[in-house]
Amino acid sequence: MKLELIGITKRFGSLVANDHIDLVVEPGQVHSLLGENGAGKSTLMNVLYGLYDPTEGEILVNDKPVTFKGPGDAMAAGIGMVHQHFMLVPVFTVAENVALGNEATKAGGMLDLQETRTRIRRISDQYGFDVDPDAVVEDLPVGVQQRVEIIKALVRDAEVLILDEPTAVLTPKETDELLGIMAQLKADGKSIVFISHKLREVKAVSDVITVVRRGKVVGTADPSAPTTELASLMVGRSVSLTLDKKPATPGEVTFRVQDLTVQAANGQHVVDGLSFEVAEGEILAIAGVQGNGQTELTEAIMGLQDHVTGSITLNGNQLLGRSVKEVIRAGVGFVPEDRSVEGLVGTFSVAENLILNRYDDAPFAKGLSMSQSAMEQNAQEKIAEYDVRTQSAQSAAGTLSGGNQQKVVMAREFSRPLKLFIASQPTRGVDVGSIEFLHRRIVAERDGGTPVIIVSTELDEVLELADRIAVLYRGHLMGIVPGTVSRDVLGLMMAGMPADEALAQAHDVQGGDL
Amino acid sequence: MSTATTSAPARSASDATVRSWKNPIILSVVALFALLVFAIGAPGNDVTFRLSEENDPIVLPSIVVSAPVIGWVAALAMIALAALAILRTRSGRKIPVWVLAVFAVLFLIAFLTWVVGSARTPNVALYGLLAGSVTLAVPLIFGSLSGVLCERSGVVNIAIEGQLLFGAFAAAVAASLSGSAFVGLLAAAVAGVLVSLVLAVFSIRYVVNQVIVGVVLNVLVSGLTGFLFSAVLSEDSERWNSPPRLPVIEIPLLADIPVIGPILFQQTIVGYLMYIAVAVVYVALYHSRWGLRTRAVGEHPKAADTLGVNVNRMRFMNVLLAGVVAGIGGSFFTLVAVSGFGRDMTAGQGYIALAALIFGRWNPIGAFFAALLFGFATNLSNVLSLLGTPVPDQFLRMLPYVVTVFAVAGLVGRSRAPGASGIPYIKG
Amino acid sequence: MNPQDDRPVTPATGGGAHPTRREAKDAARQDEIRLETAAETAGGEVPPPAVPATTAGLGVGPGAEAPLMQRIMTGNALVAFLSVVLSLILGGLLIAVTDQEVASASSYFFSRPQDTIAAAWTAASSAYIALFQGSVFNFEGDTFTRMIYPLTQTLTVATPLICAGLGVALAFRAGLFNIGAQGQILIGATFAGWVGFTLHLPVGIHLLLVILAGMVGGALWGGLVGLLKARTGAHEVILTIMFNYIATNLVLYFLSTPAFQRPGSTNPISPQLDATAVYPPLLGASFRLHWGFVVAVLATVFVWWLLNRSTVGFELRAVGANPSAARTAGVNVSKGYILAMAIAGALAGLAGVAQVSGTEKVLTSGVAASFGFDAITVALLGRSSPWGTFAAGLLFGAFRAGGVAMQASTGTSIDIVLVVQSLIVLFIAAPPLVRALFRLPAPGATRAGKGGSSTSTTPTPASTGAAA
């Protein structure tokens with residue numbers, strides 16, 4: 001099936017998410033859509049999948065124009081989509097999820113799940129998926145859930161499969177398996193639209209690469225094009241892939257985590273027996289595929305987790321068992337991973353958000369009474385210092401762009417003397433200009449002598465900032481390696497190999513990638 | 001430095017759940033309470049439970065038990081079960097469901113024996129108690145089914161009370177004007193749909209907070225029916241408010257079976273419809289295409305949308321259907337229970353239905369039994385006030401509400417609402 | 001990865017289809033019926049509904065930058081005004097349709113339609129005139145006292161409405177749906193009443209103790225809900241509804257015990273409160289208006305200060321707008337829920353005091369009338385702001401006071417007031433409906449993209465933003 005997008009434009013109010021995008025997907029081709037976070041890739045695919053109506057433009061299937069009123073039309077036309085956040089009902093079984101919207105029925109509208117199970121088994125066998133139709137989805141590992149998504153598309157005879165950032169939640173090993181599945185699908189004559197911002201994966205599987213930036217197609221590239229060329233095409237200028245920073249001058253070790261274990265509500269040890277330490281003036285990056293205990297680790301340090309055992313000390317003081325407020329007062333700055341959910345109160349003004357965890361300290365409060373002028377003055381200073389683009393200090397924080405929101409969070413955390421700084425995904429969903437700014441601020445904090453912990457799932461960010469890198473896998477520490485280590489080593493560790501083995505193995509195959 | 005601090009991944013993650021002492025503690029407290037009140041505080045006399053009357057076609061002997069014996073046996077058994085629960089929890093294992101079920105049944109038997117035994121006349125017609133409970137539960141069951149239909153599709157229905165009340169009103173007026181109770185039944189369904197329509201339009205089309213719409217709708221229906229009652233109905237109640245009653249349909253032979261006969265086979269059409277509705281909603285919800293889509297829309301609407309299910313249309317239809325169900329339930333008040341409409345006559349039954357829905361864990365069968373339990377509590381308080389008991393009437397009337405508080409507070413099992421219940425769906 | 005990331009992001013308060021971590025983390029919250037999302041998730045075409053917790057929470061209202069005329073045309077004030085007008089019209093139609101005169105005139109509608117219309121007009125207008133006369137100014141009164149008597153009646157009725165409405169509003173601002181004002185009023189009145197008729201204390205001290213007891217009673221009843229929510233994650237809507245019924249039965253039980261029941265009576269009624277335990281009249285003995293109204297004004301000032309100028313209010317608003325962010329910022333969310341419900345209960349308790357020691361002077365199970373439920377509509381109409389609630393309390397107080405007079409003089413049932421009240425709230429909650437009915441321009445139509453309002457210009461809801 002040939003799929004063509006001609007001049008697709010999608011506006012949200014004044015914001016142009018897609019600006020006259022042209023795209024042709026030939027049958028049996030893997031067509032990659034490369035672009036930064038926020039470049040408009042997902043919007044485009046949602047238009048293609050009938051979830052959004054395009055403001056302008058046309059979609060052609062086999063050279064005939066089509067309009068999709070909803071995903072149903074898109075599916076009928078042979079388009080299937082694997083969403084970045086899986087569209088699976090967690091309490092349903094695999095069979096129920098696959099049947100939904102496409103139910104085989106007996107008389108009277110009664111479900112015939114047997115039929116669905118048979119189909120699932122057939123596809124599962126064909127591609128070696130190993131999926132049990134009667135398993136409840138919420139009990140399945142992420143990788144298997146993704147296969148359920150692919151089955152959903154295949155059951156509906158999809159000819160074009162859209163995979164939206166499919167590797168974001170996968171380990172390198174699972175990623176390899178997925179790339180294998182994609183090759184199989186391609187061999188069966190299916191077309192694949194592969195959306196990613198990860199250059200290596202895109203280069204590995206694509207037949208054609210279309211690069212999108214700020215809602216526009218900025219070029220197409222051959223998979224054999226050099227990585228740096230693709231990267232500069234993607235971000236719009238030549239990028240130095242490393243940040244200019246001086247080598248760390250680690251001082252005294254002030255922050256220690258010993259034998260830390262965090263138990264989830266279901267009893268699973270999401271962080272298991274973790275020990276590490278951070279010195280003043282160094283950045284320890286915590287790497288790992290999303291969902292391997294990073295979130296719980298940072299939250300345990302902040303006092304946001306229950307069922308934590310072990311020890312966390314800062315300057316010799318035990319932090320474990322303290323309330324969040326006490327941890328903050330002890331001088332811990334924290335940038336949470338999801339700023340709109342945990343970092344900011346969207347309906348509060350920028351000024352209020354800038355004192356969100358200092359509202360009851362002088363000079364902002366005297367007793368129970370708060371000082372409006374102190375709050376306003378603080379806001380003016382921080383807005384100027386961090387170049388926060390906002391109409392006024394009274395604007396609701398929710399109206400700011402992602403990058404400016406993150407600046408507000410960072411400005412707040414850096415506005416008090418810190419003994420420890422922790423940032424989770426500090427630049428997720430932030431525009432390039434702001435990323436550089438934020439990275440510089442983090443490095444400056446390190447150079448000022450603060451111990452810094454950065455949690456990131458982006459290897460680029462980890463390698464850029466880290467003096468040392470700790471890798472988490474299923475709540476276990478795979479080891480701590482120097483910041484100069486190769487990607488291969490990190491990849492192996494992220495897949496669950498202890499550091500020494502990974503170093504040895506990477507040494508053997510020397511330079512497998514890049 | 002690099003690997004010195006590596007912890008041994010070999011250490012296996014123990015998968016023991018975080019131990020919850022909640023259930024063992026509650027069981028222990030309740031068992032102790034039973035020991036103190038039902039066993040030590042047992043009345044010394046015998047208690048008679050009648051299963052039939054002398055002139056019934058089939059006469060069963062009455063059950064006569066000794067209150068202290070039952071009290072002690074039940075209390076000790078409950079203590080044993082509580083001990084078992086403590087042991088299981090200590091060893092990190094789950095408490096089997098049967099323990100909780102048996103515990104609940106024992107408590108109920110012990111309580112009933114104690115409370116009837118303490119009455120001035122320790123003699124009660126068990127069959128009447130049960131049949132009365134079912135009768136009182138009829139509107140509750142319809143109401144909670146209405147809640148199931150709405151909430152399973154992701155719309156919170158606080159307006160059950162309004163649906164019942166408007167159904168009752170419409171049934172009375174239509175039946176009076178037409179002279180036919182069946183026309184009244186039909187009108188009740190239409191009235192329920194009207195209330196649903198407002199709920200659906202405001203909460204789905206205009207994305208108004210569903211709880212607000214529900215609460216306000218109840219006030220609106222109360223005001224509207226109250227106004228019409230005084231402006232129209234009481235002006236000429238002969239014409240507007242004297243509906244014929246629905247006849248009781250006895251199924252020959254089956255209706256003569258002691259105890260269960262009157263419950264199952266001696267009902268009005270509304271009673272039979274209730275059993276049918278519970279069964280149909282249950283089967284349809286879990287085994288039909290409509291049910292699969294309804295549950296999907298209530299759990300993860302976006303997922304349903306990406307598979308071509310029209311989320312808001314699905315919800316709209318479900319809310320309207322819920323109106324039919326609750327409206328019919330409302331007709332019980334004016335066509336079965338009494339003949340005629342009275343101001344605010346549903347008296348908060350809609351909220352008890354909501355409670356039954358939650359206590360029944362958003363499941364039609366669960367809601368059915370929860371409603372029965374609440375009906376039983378109400379009926380028991382009626383019966384006991386006749387028998388003269390030591391328990392203040394008000395406490396028995398409180399029971400459904402207290403039980404619901406325990407249920408939502410997670411002290412009686414875990415209630416998990418549909419994932420997207422209460423969250424409007426707006427297509428991107 | 002998606003455009004939402006770099007666009008204005010609406011706060012995902014308690015909701016959205018975040019399928020992963022948040023659910024696991026806030027497992028307890030997941031069990032709830034989620035309430036707070038309506039405004040946040042309202043998309044581009046759907047302006048924010050009047051969910052108080054959010055709309056009022058926005059210090060800078062939508063359209064802060066818009067021209068004055070446009071602000072009036074699209075603003076909340078106009079919608080509120082039109083909602084009232086529309087509701088009154090509908091109520092008037094209802095009165096006309098059920099009127100006997102109209103019915104008889106309509107029997108010859110086709111020969112003389114003007115008779116029907118005239119009769120309808122007379123029915124509706126006379127009812128509303130009676131309502132006005134009974135609530136604001138009695139121009140038929142022969143003395144000044146008689147003339148302004150209705151207004152003082154309005155203020156008297158408004159007193160408990162304002163107090164309880166403030167309680168509901170405050171809980172809204174903390175993200176809690178407090179349907180339980182009714183029960184809190186009852187328990188507050190019970191505590192206050194008991195102190196009032198059992199203890200015999202000197203003037204001044206007695207009344208103060210009565211007020212205090214009422215607040216404590218309400219605070220306990222409300223705080224218990226907060227505690228259960230904080231500890232178990234149970235949803236406050238269900239809890240408060242259940243607590244209302246438990247309170248009613250509890251009060252009935254108390255009134256059957258010797259400690260509460262009036263000696264010699266078999267009815268559930270308490271003895272009269274001591275003269276030292278009741279609010280003194282505010283304008284002399286010829287009016288029923290009592291000092292409770294002044295307390296209500298003070299309560300409004302206090303709630304305004306608490307919400308807008310105190311650290312406690314900052315915490316409560318943060319908890320209400322985004323509990324996750326509040327927790328991360330070191331606010332104790334559980335404490336916030338308990339505190340908010342306790343203060344809300346204390347305010348409802350004040351309403352109970354106004355009833356038991358202001359108007360009724362005895363304790364019965366009906367002492368709360370339906371003030372607790374009306375308080376919800378009052379808070380909604382007042383958009384959860386303290387002074388808005390005050391104004392809404394006055395309006396609904398007028399409806400209620402006037403309704404009594406109307407029922408007496410024209411025979412129109414006071415239930416019409418409930419109809420009008422609930423219609424007002426429904427319309428106000430759905431501004432697009434009102435705008436469509438009056439063909440007003442939609443807000444944001446010409447200002448899209450200026451970033452004046454987080455909700456009306458945000459292209460996609462938080463839920464799709466997270467899931468896209």
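The model is predicted, so local features need pLDDT of at least 70 and side-chain atom pairs count only at pLDDT 80 or more, while totals for chains, interfaces and linings use all residues. Residues are numbered from 1 along each chain as its sequence is written, and chains are lettered from A, with ligands numbered from 1, in the order in which they are written. Chain A holds 18 helices and 22 strands; chain B holds 16 helices and five strands. Helices (H or I, at least four residues) and strands (E, at least two) are DSSP runs, numbered from the N terminus.

**Chain A overall**
- The radius of gyration of chain A is 24 Å, which agrees with the value near 24 Å for a compact globule of 514 residues. It is taken over C-alpha atoms, and the globule rule is 2.2 Å times the number of residues to the power 0.38.
- The C-alpha trace of chain A spans about 70 × 55 × 50 Å along its principal axes.
- Of the 514 residues in chain A, 56% are buried. Buried means that 20 or more other C-beta atoms, placed from the backbone, lie within 10 Å of the residue's own.
- Among contacts in chain A between residues at least 6 apart in sequence, 66% join residues at least 24 apart. A contact needs C-beta atoms, placed from the backbone, within 7 Å.

**Domains of chain A**
- The assignment gives domain 1 (3-235), domain 2 (240-331 + 417-514) and domain 3 (346-414). Such bounds come from an automatic or database domain assignment.
- The C-alpha centres of domain 2 and domain 3 of chain A lie 27 Å apart.
- Eight residues of domain 2 of chain A are in contact with seven of domain 3 of chain A. Helix α15 (residues 432-447) of chain A gives the most to the domain 2 side, with four residues.
- That domain 2 side has three nonpolar, two polar and three charged residues. Ala, Val, Leu, Ile, Met, Phe, Trp, Tyr, Cys and Pro count as nonpolar, Asp, Glu, Lys and Arg as charged, and the others, Gly among them, as polar.

**Chain B overall**
- The C-alpha trace of chain B spans about 85 × 70 × 40 Å along its principal axes.
- Of the 428 residues in chain B, 55% are buried.
- Among contacts in chain B with a separation of 6 or more, 76% are between residues 24 or more positions apart.

**Where the chains meet**
- Chain A brings 45 residues into contact with 31 residues of chain B.
- On the chain A side, the elements giving two or more residues are α2 (71-76), α3 (94-99), β12 (269-279), β22 (476-482) and α18 (499-509).
- By class, this side of chain A has 23 nonpolar, 18 polar and four charged residues.

Notes
Contact = placed C-beta atoms within 7 Å. Buried ≥ 20, exposed ≤ 12 C-beta atoms within 10 Å, placed from the backbone.
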